[in-house]
Amino acid sequence: MRELGSYGCSVSTIFDVAPDLWACAYDEAANKKWVIGPKGVAKVLLLPALALAQLQDDETSTTKPTAGRFHTVPTADNTYDVALGYSNGDVCVYNRAGYELFALQCHRGAVARLEWNFHSAKPSCRELYVLFADMTLVVIEWELADPTSPRRYWRKYSLNGQRDIIGILPCAVTRAASLFQSQPRAGLQSFVAVGCDPVVGFYHAGHEGTSLFRIAHLASAVATRAAGAVWSLAKNWGWPQDRDNDTVDAVPSDLGIHVALGLPDSHRRRARDLNVSPNGKLALVPDTLGRILLIDTTSMLLIRLWKGYRDAQCGWMTHNDGLYMVFYSGRRGLVEMWRARHGPRVLCLPLGAHAKLKLYTCMAAEFATCVVVWEQSSGESALYQVELDSCSLTTEVQYLSKAKGEHESFVVHQLVDGLGKCLIRPALTTALLDQMKGLTTIEGVETVLDALHEPKMGPLPASFHRDALKILLEVATNARNWGKTQADFADLVFLFNLEYKTRLVRGFVDLQQEVTTTPFAATAAALFDDDIDSLLTRMTKWRSVYSFCTTQTTSSPLNCLQFIDCFAFPWSEPMSPEVELSLGLLLHKTHRNNVLTFDECVRQLYAMLKSPVLRSATDATTHAAFVSFLFAPLHGAVFAVQHVQEIHQTLLLDQDTLQYTSQFLEWYFALPEDMLLGMTATNASSCLQRWLQPWLLSCSFPHSIDEASFTLPALSPSLQAVYDRCRSTPLLLHAFVLCEHVAYGLAHHANALQDSTLGQVSAMGAGLRWRVLQQCLSQCLYFSCLLKVPGKLTVNAIEASDELMKFVAIVHLNTPKDSSTGDPEIPYDAHDSWIQTWTYSSKSHAVKSVLTSFRQLDHPDSIAAFRALMLCMAWNNDRSRMSLLGLAIQEVDRLDGGDAPLKTALIVLLWDTYVREQVASIMDFWLQASTGARSSKGLDPSIAGEFLHLAQQLLQVLSESIKFAVNTTRLAPPTDRHADDDDSVDPSARFSPDEALDLDQLLAPVVWTGTPNDVLNLYSKQWPSSPLHSALMQQLTRPGSPPTQESVDQHHQLVSVLIAFTSYPAAVVPLPSLFDLTSLCKSPSFNEAAVLPANNVRFQFTMDLLRHDISLGMSVASSLRLQLDQIKQAHAVWLYQGGQDALAEEVLDKVVVDATVVTLLARVARSRLGLVLCRMQSRSEFAVLMSQLPADTCSWIRSSAPPLRPDPQVGIRDAAPSLTATNALLHQCVQWMPPASPEHARCLAMIGIVQLLLSQLKKSTNLASRKQNA
């Protein structure tokens, strides 16, 4: 400690010490107040407040000062004012000369403590906090804006919820004044008070409604803001101005406020003092239990605690921007100095226990010194200043080197917590930015940056993100000397990323500022462009009949964090050591004497690493919001376009030209139609014209050739992308307006270039391709309206003809042939006159008008092919509607018979595309069923049977087409074989009356003859091309291997067998035994020859099938190409075996029976007769009849002796043989047998027995009937 002087009084009489070391003391014996200099010689007597003494009825003898405090802000003469509080409630403020500045009695009671607010929100106002013994707080404000007539007023609060309050001070954080407040803290101030139960308490004026405005306060606020009449108005409630001073008798009642937050403890603990740091953010509170509390007044948290300091005094001091806490423990007798907030003890001085001394903190702004007033044995008080010695400095250096990041960690945690609070209270962002400046390390910056860029921080204002990144970048840049030391590559990358993010956020804020709420284009169109009326009128007419628009994705506005996430940083992982070294050297250049600017560094990095500027893995919603944000300023004034382009260039968005153009087109084609109609102006004040200007200027215009020919200018890549997008979009209005802008801009620029080059550059045809495209868009609108397919046709789709012909086919199918709506035809015209006719019509499908206006589309075979294709597509979408497939087969069958190859190719296409897979699925099902395996798919027999019959019908049509083509080839006259070998003739040439005309030809570098109007007329007549150039017709007419009849027959047989399986599952046999499955239902179809299996298996399968269904069996037999007569004879034998003679006779009708079959039939007859004889022999009533029969013949019949051995199947299948049917069968066999054969003789013998049996049975029957009648 260093001695600074002495005071000629005891320590107990000194109230406070000023920054210039003058002390305020009270001589109780003489009842005088003095301001004493540090040398003990100079002293100034403070004159008594006579006016206040007179008001108190001559009680000046009993009134004494109880508290005093110097104001730390020096006056004009570099002195310090002092405030004194008296036991009767008087408060007086004196200057250094000892004269009273003002005196006031705010409350009747002893003043316990005085404190000046060193952090007032008003720079020209002093605030004095007066605490009375009865825990009443008065806040006196003294405005010094006008020194000649200062304004003073006060607020009074009653503190509740705490006992024995000995000190109270305002917290560092304050709020601004509201409309009805004269001062910023009225009802909004936070206080920290120390006492008992709780030891530390925080009060909020206005908390819990206990400090609502009284009439007096409201009158004060309104009067203060109104005019100079405030003093006359305030006379009624406690501010009489007719007296000589400011002392009053009647004061307003106090406002009760309750403790909002406290530090509760036992009743034994009481606070002894309250000392606030120079910055007002920390407070030291010693208590009666020997503890010292360190309180953070801004966060209202206890952050540190010391024990073992009985009878302690506390103070503050600063040294080299460091804040220190000074303790004196009366029982220990030590003066200690600690580094705030969490630092160690750096100084310890022994002064002796129970020394008579006091610690005073002398504050000046945010700097403070701590002095010790030590009473000597002589009765005087010595003045010492607490200072750091060499050991203290060494300890501090060791602490800083060992725990360098403690304060940084604290600040980082405060910042991370503050970021979360800013989401709820955005007003805290300013204080948070100031707090960020306290960071000192890159690690702290990195931690705060990670917290700042969490997705939840997106709602924070972009300006806050910009300022925060700017501060963090400045801190990271100043953290080390980047230009002289070799930094780690990771640190260089972090610094680059931080600066790059700062640049992105700055661009985001700039783009936000360029967005205007009212579009300028519509106003400019009305003021400057006379030709826009025609385009606007035409687009309005289009909009009335074409209501298609894309689905607008409603997304939330893009915040700056989402904006940053859309960009990709140039680093690629992993990087080789050589690349890392090169990048490190490049990054070092940006920090060494400005060798390389950051913009140049960014461009070189992206060029070196070939990295994309934007991420590709962003979700659709974020991408749409990003694109909309990039080009949103184009809705506004034309003056913003150039600035927006500069911002985009700074963000390197134009580095990838095609991607940049694609983003612009994505934004443009997402515009609502109302906004689009406001952008139809093509003058110099058009934002769209100004935006397209760089792309127009980069086109290459040709030199003049002659008057009869011309070439079109070469488009820039961006305009090429625009041209392609306009051809492929269904947004016809957007495409037409954009084509108008490009055509106008190209023509205007070409004319200017032609004039500047004196005709060397030709302007002919500058906007021709865009005019042609506009004409095609007009035709696309016509097709979309008349076919009632808005949004489904584009210029490219019409040019390819397939989509257009599909819709024509659909309308054909849905329009009955005999229907007549009565509407007139709607022919197409280039001036949109058809729109009015269409508007007043019934708006039904007008395919007839389409085919009449564009006769090249009216090709019957093509329309029929597309009709069949669309029917198959409809059936494929709903396979239960088999009628659609049947209609498709009818369409194919009705094709022109003279064009067999086209018909054959169409059937093969339909089979391969739609039918083959379903047939193969059914084949796999029965293949698994035949092996006993369970299929994972079910089969509906009715639907499968109907489908297989239709497939069989389709194969039948294909077979007939192939046969017709073969017969036509045989009957055709012979031709020159050399002509057939000529490969230069395109087989599809006979279907192409003219060459296909498309818009790609306008991009080819060719010389056009004639004028641009001739080219325009050419496209108007021949576009779109004939459907023969469609992909479908080209595929059908493309030469290839024709289907073979053998393969078609194999598939026909397969379908027939599958129909049999579906109808009678009991007849299922393994398919590999019937077919070679390797050649069936394969792609390409009908081209591979199959290996036929043995006919005996097919024969047996057919015989089994005939037993279930004769017609189906005969159909399968015919399909399998079996001998039908043989099948019929074998089936007839099976029928005779079962006694079904009538059906057998129908089967054998007109069939030449083989001898072997006759023998089998005779065996059936013998077996029947043998069964009859055996049954008669076993019954007694037939004994007489059996005796009349030839014994040798009967015994032969009943035996198994040849010839004509008995058939065992007859006994199994025919339970009751008929003698009459047997007689007829024997007669038939006698006719078929040779007369001299043994079989013939045996048959005659059997006929005799049968006839005898029939005659005897007839007699017996007649006799029995007579007896019954009698």
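Are W691 and W695 buried or exposed? W691 is buried, and W695 is buried as well; here buried means under 20% relative accessible area, exposed over 50% and partly exposed in between, with a 1.4 Å probe and protein chains only.

A word on the ground rules. This is a predicted model, so local features need pLDDT of at least 70 and side-chain atom pairs count only at pLDDT 80 or more, while totals for chains, interfaces and linings use all residues. Residues are numbered from 1 along each chain as its sequence is written, and side-chain values use heavy atoms, with hydrogens and water left out.

**Aromatic rings**

A search of the whole structure turns up 42 aromatic pairs. Rings of Phe, Tyr and Trp (its six-membered ring) pair if their centres lie within 6.5 Å; planes under 30 degrees apart count as stacked, over 60 as edge-to-face and the rest as tilted. Here are two of the pairs:

| Pair | Centre distance | Plane angle | Class |
|---|---|---|---|
| F563 and F629 | 5.7 Å | 70° | edge-to-face |
| W691 and W695 | 6.5 Å | 80° | edge-to-face |

The phenylalanine pair links distant parts of the chain: F563 belongs to helix α12 (residues 560-565) and F629 to helix α15 (residues 620-631), 66 residues apart. Helices (H or I, at least four residues) and strands (E, at least two) are DSSP runs, numbered from the N terminus. F563 has a relative accessibility of 0%, so it counts as buried, and F629 is buried at 11%.

The tryptophans are four residues apart in helix α19 (residues 687-697), which means about one helical turn separates W691 from W695. Both W691 and W695 belong to one aromatic cluster with F631, Y660, F664, W667, Y668 and F669.

K43 puts its charged end over W34, 4.7 Å from the ring centre. R1242 lies over the face of W1196, with 4.4 Å to the ring centre.

**A four-stranded sheet**

Strands β18-β19-β20-β21 make up, in that order, an open sheet with antiparallel pairing. Strands pair if DSSP finds at least two bridges between them. β18 (275-276) and β21 (301-306) are the edge strands; each has a single partner, so one side of each lacks a neighbour in the sheet. Two bridges hold the antiparallel pairing of β18 and β19, and V276 stands opposite A283 in β19. β20 and β21 are joined by five bridges, with L294 opposite R304 in β21. These two strands form a hairpin with four residues between them, and M300 in the turn has a positive phi of about 60°.

In the loop between β19 (282-286) and β20 (292-296) you'll find D287. With 1% relative accessibility, D287 counts as buried. A polar atom of its side chain lies 3.2 Å from the backbone nitrogen of L289. Leaving out residues up to four places away in sequence, D287 touches R269, R270, A271 and R272 (contact means heavy atoms within 4.5 Å).

**Helix α37**

Helix α37 (residues 1124-1137) has 14 residues and reaches 20 Å from first C-alpha to last, close to the 20 Å expected at 1.5 Å a residue; the expected span is 1.5 Å times one less than the number of residues. Its buried residues include W1134, L1135 and Y1136. The partners they pack against include α35 (1095-1106) and α39 (1155-1177). After α37 comes G1139, with a positive phi near 80°.

Key:
A polar contact is a pair of N or O atoms within 3.5 Å; within protein, one must be able to donate a hydrogen and the other to accept it, and residues adjacent in sequence count only if both atoms are side-chain atoms. A charge sits over a ring if NZ of Lys or CZ of Arg is within 6 Å of the ring centre and within 35 degrees of the ring normal.
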